[in-house]
Amino acid sequence: QVQLQESGPGLVKPSQTISLTCAVSGTAITTNYYYWSWIRQPPGKGLQWIGAIAYIGHTYYNQSLKNRTSVSRDTTKNQFTLQLTSVTPEDTAKYYCVRGVLGANWRFGSWGQGTQVTVSS
């Protein structure tokens with residue numbers, strides 16, 4: 001049974017960087033053919049896919065956030081991370097790490113419980 005757990009600061013100042021880590025247990029993040037995503041949900045809005053890293057290390061980004069986003073991994077710790085730079089209050093959201101697969105479209109399966117990040121001075 002795969003489990004995902006997000007961690008990171010709950011409050012970030014404008015213009016700074018959101019840095020989140022997802023610790024994965026129950027399966028290796030290098031397992032064929034899984035993709036490890038970050039998804040967020042701003043207050044009162046729908047889910048927004050941010051980016052992902054594949055089992056082989058390739059990265060994929062939402063075009064609207066690509067210039068500010070970096071997803072990386074540490075296979076020795078079995079975890080992956082999100083960095084979102086130059087944040088504004090519009091980046092306030094609950095952030096989830098998610099395991100999925102990529103076919104014609106993304107299909108998401110296992111989710112972490114999510115972590116609230118607020119951008120405020």
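The following legends describe close-up views of a predicted model of one protein chain.

**Figure 1. Overall architecture of the chain.** The secondary structure consists of eleven strands and zero helices. Read from the N terminus, the elements run β-β-β-β-β-β-β-β-β-β-β. The radius of gyration is 13 Å, close to the 14 Å that the globule rule gives for 121 residues, so the chain is as compact as a globular protein of that length. Along its principal axes, the C-alpha trace spans about 40 × 30 × 25 Å. Of the 121 residues, 40% are buried. Among contacts between residues at least 6 apart in sequence, 55% join residues at least 24 apart. The chain exposes about 6,300 Å², of which carbon and sulfur atoms supply 46%.

**Figure 2. The nonpolar cores.** The largest nonpolar core has 24 residues. Those with the most contacts inside this core are Leu4, Ile18, Val24, Trp36, Trp38, Phe80 and Tyr95. Two or more residues each come from β3 (18–25), β4, β5 (48–54), β8 (79–84), β9 and β11 (115–119). Strand β3 gives the largest share, four residues. Another core, of five residues, lies apart from the largest one and includes Ile39, Trp49, Ala52 and Val98.

**Figure 3. Surroundings of serine 37.** Serine 37 lies in strand β4, which covers residues 35–41. The relative accessible area of serine 37 is 0%; because the limit for a buried residue is under 20%, this serine counts as buried. The side chain of serine 37 is joined to that of tryptophan 49 by a polar contact of 3.0 Å. Leaving aside residues up to four places away in sequence, serine 37 touches Trp49, Gly51, Ala52, Phe80, Tyr96, Cys97, Val98, Trp106 and Phe108.

**Figure 4. Surroundings of isoleucine 50.** Isoleucine 50 is part of strand β5. Its relative accessibility is 1%, and isoleucine 50 therefore counts as buried. With residues up to four places away in sequence not counted, isoleucine 50 touches Trp38, Ile39, Arg40, Tyr61, Asn62, Leu65, Thr69, Leu82 and Tyr95. Isoleucine 50 and leucine 84 are 34 residues apart in sequence, and their C-alpha atoms are 9.4 Å apart in space.

**Figure 5. The hairpin of β9 and β10.** Strands β9 (residues 93–102) and β10 (residues 106–111) run antiparallel and are joined by four bridges. Together β9 and β10 form a hairpin, with three residues between the two strands. Glycine 100 has phenylalanine 108, in β10, as its bridge partner.

Figure 6. Most residues other than glycine have a negative phi, and most peptide bonds are trans. This view gathers exceptions to both patterns. Asparagine 32 and tyrosine 33 are joined by a cis peptide bond, with omega about -10 degrees. Tyrosine 33 lies in the loop between β3 and β4. Serine 15, in the loop between β2 (11–12) and β3, has a positive phi near 80 degrees. This serine counts as exposed, with a relative accessibility of 59%. Serine 86 also has a positive phi, of about 50 degrees. The loop between β8 and β9 holds serine 86, which counts as partly exposed at 44% relative accessibility.

Methods
Residues are numbered from 1 along each chain as its sequence is written. This is a predicted model: local features need pLDDT of at least 70, side-chain atom pairs count only at pLDDT 80 or more; totals for chains, interfaces and linings use all residues. Side-chain values use heavy atoms; hydrogens and water are left out. Buried means under 20% relative accessible area, exposed over 50%, partly exposed in between (1.4 Å probe, protein chains only). A polar contact is a pair of N or O atoms within 3.5 Å; within protein, one must be able to donate a hydrogen and the other to accept it, and residues adjacent in sequence count only if both atoms are side-chain atoms. Contact means heavy atoms within 4.5 Å. Two strands pair if DSSP finds at least two bridges between them. A nonpolar core is a set of buried Ala, Val, Leu, Ile, Met, Phe, Trp, Tyr and Cys residues joined through side-chain atoms within 4.5 Å. The radius of gyration is taken over C-alpha atoms; the globule rule is 2.2 Å times the number of residues to the power 0.38. Accessible areas come from the Shrake-Rupley method with a 1.4 Å probe; for residues, only the protein chains shown count as cover.
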